[in-house]
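The sequence and the structure come first, and the discussion follows them.

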Amino acid sequence: MKRKNWLLRTFLFAGINLFFLGQYYVLGKPLRLTLQQCIKLSLAHNLTLAIAKVQVQEVKAKIGEQASKENPSITFQNSYERTLTPFAQQQTFLPSLVSVFRRLFPQLGAISLGQSSIIDLVTQDVNLTWTVYDAGETSSLVAEARFNTKAAQNDYLSTQNITIYNVTRDYYTLLKAQWKAEVEQIKVKQILENERVTALKYKDGLVRLKDLLQAKSSVFDAKQALLESRNSVLSARAKLLNWIGIHIPDVQITGDLKVPVKSLNLQSLIQKAYQYSPDLAKIRDNIMSDKMAVRAAKAQMGPTTSLNGTWGYIGSEFFPNSRYWRWGIQVNLPLLSNGLPQAQKKEALMKLEKDELKEKKLLGDLALKVQLQYYKVEEAKQKIQDSKEALQEAEESLREIEDRYKQGM
């Protein structure tokens with residue numbers, strides 16, 4: 001099911017790319033994009049977002065790495081050993097060693113105690129090792145890796161939200177710059193016409209030279225304003241394309257500068273920021289991960305129990321035919337450590353304390369950002385209302401002037 005969903009998303013992104021980018025590369029038409037199309041393309045092509053997505057998979061692989069410590073391991077071993085003992089050492093140590101080997105492995109045969117003694121030992125065996133209890137260290141490390149994965153996923157969501165926000169911001173910035181450039185273009189045409197009329201009047205002696213120079217100066221200022229507005233369009237388009245992740249110079253966006261404004265409640269907005277903030281969720285996942293790290297550090301100071309077993313062949317030739325097996329239980333109880341577990345525990349506790357302080361700070365920062373944006377929206381709403389009233393007064397004045405003009409006044 002997951003593979004089908006992945007394939008569906010892949011074909012969907014490919015279809016979007018072929019539809020939009022094909023207009024530019026194949027048909028040679030300028031690329032016209034709405035805000036939603038810009039957002040979809042950015043989710044498919046933004047490199048920062050792609051890096052965050054790979055980071056999630058990288059951290060997720062750590063779960064399997066830590067969980068593997070709970071699984072048994074089976075290895076095959078083929079070894080050969082030759083022991084050569086001088087005569088002087090045989091008098092004190094070798095006879096007892098030889099007797100032990102004879103009792104354990106009678107198939108080795110007689111061993112000579114001449115000037116030197118040679119012992120050939122060939123083993124071919126399969127070893128099983130399984131840690132069945134480690135005081136919760138492995139389970140804590142697995143839980144820590146899971147919380148780290150959730151933190152990486154929230155980091156990806158945060159990067160996604162930042163990308164959408166920046167695309168939306170630069171989209172409206174470009175839309176505003178395009179609108180301003182169009183207005184400046186109209187102004188240039190009007191001022192050029194005014195300069196032409198003023199020049200004709202100057203020839204007829206109806207205006208002074210000062211008026212003509214002012215008209216020419218106005219043309220220069222208008223052209224400079226038009227040039228600046230066109231540069232603003234190019235800059236805004238480059239920023240937008242950078243966030244989208246594509247680099248096509250001939251891009252045009254379509255849309256309206258009108259944005260619906262809804263009634264807002266400050267406390268409700270703050271609570272929603274707490275609820276949906278990926279950064280806050282990431283910090284809280286880091287706190288849980290730190291708690292698991294503290295638990296894992298404590299578990300290193302506890303006992304561990306493991307099972308081990310071996311089955312194979314042994315002998316003095318390269319293809320031994322004497323079968324043997326052994327099994328056992330190993331219990332390790334740390335009595336005196338080198339201080340590493342205590343240092344790791346202290347480090348994890350300090351990181352936990354730091355992340356808890358980060359959580360408190362982030363809560364305050366989120367509340368402050370929401371308040372500032374809320375006040376800006378309220379200010380903008382008031383300005384819009386004032387502008388509407390001013391527009392109504394201007395329209396009323398225009399109607400009065402038109403009536404007076406029609407009456408010849």
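## Helix packing and charge pairs

The side chains of R169 and D170 form a salt bridge, with an N to O distance of 3.2 Å. This distance, like the other values in this report, comes from a predicted model. In general terms, side chains of opposite charge can pair when their charged atoms come close. A search of the whole structure finds 13 salt bridges, and among the residues involved, D290, K351 and D355 are joined into one network by salt bridges that share partners.

As for the overall setting, the protein chain has 10 helices and 6 strands. Of its 409 residues, buried residues make up 30%. Among the contacts in the protein chain with a separation of 6 or more, 83% are accounted for by residues 24 or more positions apart.

### Helix α6 against helix α9

How do helix α6 and helix α9 run relative to each other? Helix α6 covers residues 137-203 and helix α9 covers residues 278-299, and their axes come within 8 Å and cross at roughly 165°. Since an angle over 145 degrees counts as roughly antiparallel, α6 and α9 are therefore roughly antiparallel to each other. The crossing of these two helices is left-handed, and the residues of the contact of α6 with α9 divide into 12 nonpolar, 8 polar and 8 charged.

In one of them, the side chains of K150 and D285 meet at 3.9 Å, N to O; K150 belongs to helix α6 and D285 to helix α9, so that the pair links distant parts of the chain, 135 residues apart. K150 is partly exposed at a relative accessible area of 42%, while D285 is buried at 8%. In the other, K282 and D155 meet through their side chains at 3.5 Å, N to O. Because K282 lies in helix α9 and D155 in helix α6, this pair ties together parts that are 127 residues apart in sequence. K282 counts as partly exposed at 27% relative accessibility, and D155 likewise counts as partly exposed at 27%.

| Pair | N to O distance | Relative accessible area of each partner |
|---|---|---|
| K150 and D285 | 3.9 Å | K150 42%, D285 8% |
| K282 and D155 | 3.5 Å | K282 27%, D155 27% |

Helix α9 also holds N286, which counts as buried at 15% relative accessibility. Not counting residues up to four places away in sequence, N286 touches N148, A151 and D355, and D355 is also part of the salt-bridge network with D290 and K351.

### Helix α3 against helix α6

Which direction does helix α3 take relative to α6? The axes of helix α3, residues 47-67, and of α6 come within 8 Å and cross at roughly 170°, which makes α3 roughly antiparallel to α6. The residues of α3 that meet α6 include L49, V56, V59 and I63, and those contributed by α6 include L141, V142, A145 and Y156. The contact of α3 with α6 divides into 11 nonpolar, 9 polar and 4 charged residues.

Leaving aside neighbours within four places in sequence, V233 is in contact with L174, A177, Q178 and A181.

N194 is found in helix α6 and counts as partly exposed at 44% relative accessibility. The C-alpha atoms of N194 and L212, which are 18 residues apart along the chain, are separated by 9.7 Å.

Technical notes
Residues are numbered from 1 along each chain as its sequence is written. This is a predicted model: local features need pLDDT of at least 70, side-chain atom pairs count only at pLDDT 80 or more; totals for chains, interfaces and linings use all residues. Side-chain values use heavy atoms; hydrogens and water are left out. Axes are lines fitted to C-alpha atoms, for helices over the stretch in contact, and angles run from 0 to 180 degrees between N-to-C directions. Helices (H or I, at least four residues) and strands (E, at least two) are DSSP runs, numbered from the N terminus. Angles under 35 degrees count as roughly parallel, over 145 as roughly antiparallel, 65 to 115 as roughly perpendicular and the rest as oblique. A crossing is left-handed if the near helix is turned anticlockwise from the far one by less than a right angle, and right-handed if clockwise. Ala, Val, Leu, Ile, Met, Phe, Trp, Tyr, Cys and Pro count as nonpolar, Asp, Glu, Lys and Arg as charged, and the others, Gly among them, as polar. A salt bridge is a side-chain nitrogen of Lys or Arg within 4 Å of a carboxyl oxygen of Asp or Glu. Buried means under 20% relative accessible area, exposed over 50%, partly exposed in between (1.4 Å probe, protein chains only). Contact means heavy atoms within 4.5 Å.
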